[in-house]
Amino acid sequence: MLACAPLLLLLAHVAHARQARGAAARDREIAAQFAPAVHQALGEPGRADFITRFDFDGDWRGDNNWANAEDRRHALRAYVYFAVSETATHFFVHYAFFHPRDYKGGGRAGPLLSEAIREGARRGGRFDPTGLSAEAVLAHENDMEGCLVVAAKDGDDPALARVVFVETLAHDRFLKYAAAAEVGQAAVRLDGARALLYVEPKGHGVAAYDGGPKQTPTRGAVVYRFKGRAEDPEARTGEEVGYDLLPISETLWARARGGPNLTYGQAYDYGTRSLTVAARGRAATRRVRIGRRGAAFRGRVGAPDAARPPWAWFDREERDAPPGSWFFDPAATVKRHFRLGADFSTAYLHAPLLGVTRR
């Protein structure tokens, strides 16, 4: 009997690994189904407005990305990060767009002016108890903003689900859109199951695409669409560029443990959170330990360590919300934002970053 124990452990390990691979494949299927079309406006000539991966330069250092963005030996191939969670009624997909630079104010003047603003805010901080002046920087190394797509399920097949809500991050505000907007609500356009988004040049705030005068780029645009392959925007023949998807769990999240490190210049202890999960057909509360994680990418140019990963995004109008709740508990957040009823489930069947996986 004892001799069988190692074999049983091995079989259990194999079964767990197979289940994990299956869950990862389904997450990618869901993310691919709703992957948005992104209209990226271009600002100054150069490469700073191209969407790419954090390690485009072959390493995970955060404090060399500003400089390496100019080095044409590093192709800025198109990637978008994603994370999937699921309740009985909806899919929730976070998408994150990375740029090596936020160059508000210009590629040269912006960082210098940001340094001046930061120093002035530091010296005059006692006159600004809100702390908001410290966030009014014009430029910084690294930039990550994105969106949350919410799709109503029709069974377990993602292809049958329909997008109902989209929230985007525009610097320090979550912009809220409905696919079938009622009076007083903002609407998001869809191309099938894909939300149409607009990313501004230089600062890269994300909003729903409307094609209006404020979204008419003066230096052209790149339209990113999911194709399952990461194309090089500098090799394009027209506006359209194909992008591929990268799981947050295996990239940004995996390197955020503990922190700070070469990737993250600042860390935050997210502590233990209460999460509602679906257990045996009933909702139950589970305590989940998140702990200390990298919360700002390491950067030296302009404002230091100013760019944040998705779990550190926030809305300055919702400072009472627990840090990270928009990312860690999207169901409860969306239900609150849109004042939804009891038919909108907040009990998770799948939230893998918090240890909840579909059976």
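Because the model is predicted, local features were considered only at a pLDDT of at least 70 and side-chain atom pairs only at pLDDT 80 or more, whereas totals for chains, interfaces and linings use all residues. Residues are numbered from 1 along each chain as its sequence is written, and side-chain values rest on heavy atoms, with hydrogens and water left out.

The protein contains five helices and 16 strands; helices (H or I, at least four residues) and strands (E, at least two) are DSSP runs numbered from the N terminus. Of its 359 residues, 51% are buried, where buried denotes under 20% relative accessible area, exposed over 50%, and partly exposed the range in between (1.4 Å probe, protein chains only). Among contacts with a separation of 6 or more, 68% are made by residues 24 or more positions apart, a contact being heavy atoms within 4.5 Å.

In total, 18 aromatic pairs are present. Rings of Phe, Tyr and Trp (its six-membered ring) pair if their centres lie within 6.5 Å, and planes under 30 degrees apart count as stacked, over 60 as edge-to-face and the rest as tilted. The pair of Phe34 and Phe91 is classed as tilted because the planes stand at 40°, with the ring centres 6.3 Å apart. This pair joins helix α1 (residues 4-34), which holds Phe34, to strand β3 (residues 90-102), which holds Phe91, across 57 residues of sequence. Both Phe34 and Phe91 are buried. A stacked arrangement is found for Phe174 and Trp326, at 4.4 Å centre to centre and 10° between the planes. Phe174 belongs to strand β6 (residues 174-178) and Trp326 to helix α4 (residues 325-328), so this pair ties together parts that are 152 residues apart in sequence. The relative accessibility of Phe174 is 4%, which places it among the buried residues, and Trp326 is likewise buried, at 3%.

Ring pairs also link a cluster whose members include Phe54, Trp60, Phe98, Trp253, Tyr264 and Trp311. Within this cluster, Trp60 carries Arg255 over its face, at 4.1 Å from the ring centre. A charge is taken to sit over a ring if NZ of Lys or CZ of Arg is within 6 Å of the ring centre and within 35 degrees of the ring normal.

The largest nonpolar core comprises 86 residues, and those touching the most other members are Phe34, Tyr81, Tyr95, Phe97, Leu252 and Trp311. Such a core is a set of buried Ala, Val, Leu, Ile, Met, Phe, Trp, Tyr and Cys residues joined through side-chain atoms within 4.5 Å. When residues up to four places away in sequence are not counted, the contacts of Phe34 include Phe91, Val93, Tyr95, Val149, Pro158 and Arg194.

Strand β5 (residues 162-169) is largely enclosed by the rest of the structure, because seven of its eight residues are buried. Strands are regarded as paired if DSSP finds at least two bridges between them. β5 runs antiparallel to β4, to which six bridges join it; in one of these strands' pairings, Val150 has Phe165 of β5 as its bridge partner. Five bridges join β5 to β6, again antiparallel, and Thr168 stands opposite Leu175 in β6. β5 and β6 form a hairpin with four residues between them, and His171 in the turn has a positive phi of about 70°.

Most residues other than glycine have a negative phi. Among the exceptions is Asn142, with a positive phi of about 70°; this residue lies in strand β4 (residues 140-152) and is buried, at a relative accessible area of 0%. His204 has a positive phi of about 65° and is located in the loop between β8 (194-199) and β9 (206-208), where a relative accessibility of 1% makes His204 buried.

In helix α5 (residues 330-338), the buried residues include Pro330, Ala331, Val334 and Phe338. Viewed down the axis of α5, the buried residues fall within an arc of 165°, so they line one face of the helix; the arc is that of the directions from the helix axis to the C-beta atoms. Just after α5, Arg339 adopts a positive phi of about 55°.
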